[in-house]
Every structure is written in C-alpha cells, then in structure tokens.
Amino acid sequence: MDVADACRERGVKSVAVTAGYMRASRGASSTRKMDAANVDLKAFTESFYRRGLRRASSQPVLETLVYLKHETQVWFEITTLLIPGQNDSQAEIDAMSQWIDGRARSGRAAALHRVPSRLEDDRLAAHAARRR
C-alpha cells in the first residue's frame, strides 16, 4: 500500500489486480487507497474452485465483489478465463451473468472481461483458417 500512497501523492491512479480473497476488515483500509480493482473470478462453480484450485472457494471472491459494489466507490472489473470443457458451459456463463447483474451491478456498471484460453485461441484461429 506504500506504492498506492506514493502514486496518489503524485496524482497517479492505482489499480489492484486480485484473486478476490479480501477480508472485510482489511478491505476497508486497502480500498481507500485504490482507484480501481480487477477481480479474477476463475469460475462460477464451487467444484471448479475445489477441484482446480486445491480446495479453494468462490464464496470469498463473490463476497469481495459484493463488498466492492455496495461498500466502496472503487471502479471494479471482473475477469474470467474460460477454459474449454472446464468452466465454459452455457449454463455456468448464464448463472454467472445473472449473478453479476443481480448482485454486483444493480445501478453501477460492472465490466466483465471474457478471456479466451490459449486452447480456445488456437481453435478460433484454425476455424478462421478453414474459412479462407
């Protein structure tokens, strides 16, 4: 947070890039020092977090997003890396989108970045090459 303080003294904005595991008690002091946050929501199922991230949980990340929306003035964006066959089902994307619309947006926009995985990039490039 010393860097954020130094930036603010010079008029430079600071952005936190985070996996979203913030405690409310610590979050209050750290969010006062940031102008924006990019939160990595890795998936929208507990099974993905537990299986792929060694028993982690999505709940603290979702709580951070709600906290940022309702308790701060921090501009925040959500990034999700879609991994084919792991967290890219239409049902999961729909559920995540509805949750964001209902819990993390409600009045103030929340930007969502869909980041294709390298495998998806390769698949799209191969498809484009076939169409030529």
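**Notes on a predicted model**

1. Confidence. In the protein chain, confidence is lowest in helix α6 (residues 118-131), with a mean of 57, and highest in β2, with a mean of 91. Over the protein chain the mean pLDDT is 79, and 72% of the residues reach 70 or more.

2. Layout. The protein chain contains six helices and four strands. Read from the N terminus, its elements follow the order α-β-α-β-α-α-β-α-β-α. Take the contacts between residues at least 6 apart in sequence: 64% of them join residues at least 24 apart.

3. Surface and interior. The protein chain has 132 residues, and 33% of them count as buried.

4. The largest nonpolar core. In soluble globular proteins, nonpolar side chains tend to be buried together. Here the largest nonpolar core has 21 residues, and L41, L68 and W99 touch the most other members. At least two residues of this core come from each of β2, α3, α4, β3 and α5. Which element gives the most to this core? It is α4, with six residues.

5. The aromatic pair. The structure has one aromatic pair. Its rings belong to F44 and W99; their centres are 6.1 Å apart and their planes meet at 55 degrees, so the pair is tilted. For a student checking this, planes under 30 degrees apart would count as stacked and planes over 60 as edge-to-face.

6. N87, a buried loop residue. N87 is found in the loop between β3 (75-82) and α5 (90-105). Is N87 buried or exposed? Its relative accessibility is 2%, so N87 counts as buried; the cut-off for buried is under 20%. The side chain of N87 comes to 2.8 Å from the backbone oxygen of K42. A polar atom of the N87 side chain also lies 2.5 Å from the backbone nitrogen of I83. Not counting residues up to four places away in sequence, N87 touches K42, A43, F48, T80, L81, L82 and E92.

7. S57 sits in the loop between α3 and α4 (59-71). With 18% relative accessibility, S57 counts as buried, because the cut-off is under 20%. Which side chain does the side chain of S57 meet in a polar contact? The partner is the side chain of E46, at 3.1 Å. The side chain of S57 also reaches the backbone nitrogen of Q59, at 3.1 Å. With neighbours within four places in sequence left aside, S57 is in contact with Y21, E46 and Y49.

Definitions and conventions:
Residues numbered from 1 in each chain as written. Predicted model: local features only at pLDDT ≥ 70, side-chain atom pairs only at ≥ 80, totals over all residues. Heavy atoms only, no water. Buried < 20%, exposed > 50% of the residue type's maximum accessible area, 1.4 Å probe, protein only. Polar contact = N/O pair within 3.5 Å; in protein donor to acceptor, adjacent residues only side chain to side chain. Contact = heavy atoms within 4.5 Å. Phe/Tyr/Trp six-rings, centres within 6.5 Å; stacked < 30°, edge-to-face > 60°. Core = buried A, V, L, I, M, F, W, Y, C linked by side-chain atoms within 4.5 Å. pLDDT = per-residue confidence, 0-100.
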